[in-house]
Number of protein chains: 2
Amino acid sequence: MMRVDALQYANWSEKIFREMRAGGLNAVHVTIAYHEGFRETVLNFERWNTWFERFPDLIMKGLTASDIDRARASGRTAVFFGFQNPSPMEDDIGLVEILHTLGARFMQLTYNNQSLLAAGCYEAEDSGVTRMGRQVIKEMNRVGLVVDMSHSADRSTIEAAEISERPIAITHANPHAWAPALRNKRDDVIRAVTEKGGMIGFSLYPHHLRDKSDCTLESFCAMVAETADKYGVDHIGIGSDLCQDQPDSVVEWMRVGRWTKEIDYGEGSAGNPGFPPQPPWFRDNRDFGNIERGLSAIGFGAENIAKFMGGNWYRFFETSFGPGEAT
Amino acid sequence: MMRVDALQYANWSEKIFREMRAGGLNAVHVTIAYHEGFRETVLNFERWNTWFERFPDLIMKGLTASDIDRARASGRTAVFFGFQNPSPMEDDIGLVEILHTLGARFMQLTYNNQSLLAAGCYEAEDSGVTRMGRQVIKEMNRVGLVVDMSHSADRSTIEAAEISERPIAITHANPHAWAPALRNKRDDVIRAVTEKGGMIGFSLYPHHLRDKSDCTLESFCAMVAETADKYGVDHIGIGSDLCQDQPDSVVEWMRVGRWTKEIDYGEGSAGNPGFPPQPPWFRDNRDFGNIERGLSAIGFGAENIAKFMGGNWYRFFETSFGPGEAT
């Protein structure tokens, strides 16, 4: 069974790379920038180059879907890069191609707040995709950098799905109807993305789960099956949002970046500012098998489980990362 | 008579510095960044340091209103710095104070397009001041960096005037009712800014003038007098938007920056892409006297002319550039 996780942001270490192998993870999309500008992002590419050099038996750089095949054949995890914000391209559309050349494959148009490209889900108002946003989506389509709207506001997401000539992704979020977090996605948003061939990866971050850290495996799996019925079993996958071994200072960076001198607790609160504990059935990368067993237990068929666990993301990677057709 | 021009963006040279002296200009707010990031903006501060060193008898750096007095006493023009976009602060609120320390005194929250802080006047939608925008206005208020909304959209401007605890400025624009350019300001916008003690500087850039390059001095002066009646004679001044000796490549940079790979003609058009010719009565810095004579000819009193030509900006500078009261 191929296993692909479309979003992780761990405090990377040999321990975690070994856990990915123990969990049979063939590919992972990792966040290498939240609020980093271009030069800082290049430093993060450099860090990954060092890890690829140090752990060649555990991980390899992923650029195309066929790299997942190579990773499987050699018992490694292929690592694909993405950004949770367009910060790495700063205000420069020319950096879209440069970042793709360096290996970026996903870029969120916005992270919670308004960006130069679109509105984030924490803004009071959502005016949709901006003038620059339209230009940047066209350029992302051209080079093969996937538009990711995980942290974007609803109207912006629906417009991005319409404007983009290639399918877009919500790499990590859950249906709002199942868990009414601000970040989870309403029906019309999921529909806009999936009906144009896009993907939604389901998050295992407690703030996005029904009952948070107390969410049951059964509830999660029932949500998967219902979503498959509603939007099509070909458009769903995992985007665990696993932020493993990160100190609380990192969640502060994610939330606050450099945009305010005050503290913003995002999905947390003053009393609960840090990372919440994972549910016991998905502690870390070793637990993907629990999800497969949970899906099987509720009668989700083997073929569908294979699609959900990795097949759908594989197909999406196959068609998304190369040059687009000239428009 | 004190003469202050609250916006110029020339291709600076000894010739222009001498014309400023010939025109009796005591102070000028110059744009040193359109789309430049922090490091590029520092280079522009460096260029000005070189000019201050080379032409100490013509120009001097302006940081406070009293520098205008020093400039007058020594027969020089005091040069105050500003940005037409928040690009120099990138995504980093900590740069607000750094830029103020370096000498910045005005910053537009947006230039035509959506920024991280607010919407520009060329966006189809205007969702007002963003989450980061609110934080940045507070910080600008604290350090004494003036919020300039010349190129911002209407709702964003009105909200900025409300949110800011210190008066804000529209350094260069005209009333939309007089010349219906997209960039000119509607009644409720001018009212929101002026009724809180803010200023509007009238532009002499042909795209903002009634009949453009054919605008008459009489028409311009009548507009000044009407606006004084409507919003108060203490809230108006000059912000000529003089872009002297600039090649057309510069207007392309202003309009296109790095946000699109296509050409955007802004206020121009494919057939008229460059800088339009100035009206004959305001060719350059030597012609401020024509405006004084024009105002006098329509019966605008001497005291009001003095306020309009520089007294109002002097008073605004006096109260705007120092530290704000803690809130």
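Trainee: Let's start with Ala71(A): is Ala71(A) buried or exposed?

Mentor: You count C-beta atoms, placed from the backbone: a residue is buried if 20 or more others lie within 10 Å of its own, exposed if 12 or fewer, and partly exposed in between. Ala71(A) has 21 C-beta neighbours inside 10 Å, so it counts as buried. Keep in mind that this is a predicted model, where local features need pLDDT of at least 70, side-chain atom pairs count only at pLDDT 80 or more, and totals for chains, interfaces and linings use all residues. Residues are numbered from 1 along each chain as its sequence is written, and chains are lettered from A and ligands numbered from 1 in the order in which they are written.

Trainee: Where is Ala71(A) found, and which residues is Ala71(A) in contact with?

Mentor: Helices (H or I, at least four residues) and strands (E, at least two) are DSSP runs, numbered from the N terminus. Ala71(A) belongs to helix H3 of chain A, residues 66-73. A contact needs two C-beta atoms, placed from the backbone, within 7 Å. Skipping neighbours within four places in sequence, the contacts of Ala71(A) include Asn26(A), Met60(A) and Thr77(A).

Trainee: How do I read a nonpolar core, and which residues have the most contacts inside the largest one?

Mentor: A nonpolar core is a set of buried Ala, Val, Leu, Ile, Met, Phe, Trp, Tyr and Cys residues joined through C-beta atoms within 7 Å. The largest here has 182 residues, and Ala160(A), Ala160(B) and Val224(B) have the most contacts inside it. Leaving out residues up to four places away in sequence, Ala160(A) touches Leu109(A), Val129(A) and Met149(A), among others.

Trainee: Now strands. Which strands pair with E8(B)?

Mentor: Two strands pair if DSSP finds at least two bridges between them. Strand E7 (residues 169-170) of chain B pairs with E8(B) in the parallel sense over 2 bridges. Strand E9 (residues 236-238) of chain B runs parallel to E8(B) too, joined by 3 bridges. Ile200(B) is the bridge partner of Ile170(B) and also of Ile236(B).

Trainee: What is the hand of the unit made by E8(B), helix H8 and E9(B)?

Mentor: Point the strands away from you: a crossover is right-handed if the path from the first strand over the helix to the second runs clockwise. E8(B), helix H8 (residues 217-231) of chain B and E9(B) make a right-handed β-α-β unit.

Trainee: Last one: how are chains A and B related?

Mentor: Two copies of a chain are related by a rotation about an axis and a shift along it. Superposing by least squares on the C-alpha atoms of residues with pLDDT of at least 70 in both, chain B can be laid on chain A with an RMSD of 0.0 Å by a turn of 180 degrees and a shift of 0.0 Å along the axis. The two copies are thus related as by a two-fold rotation axis.
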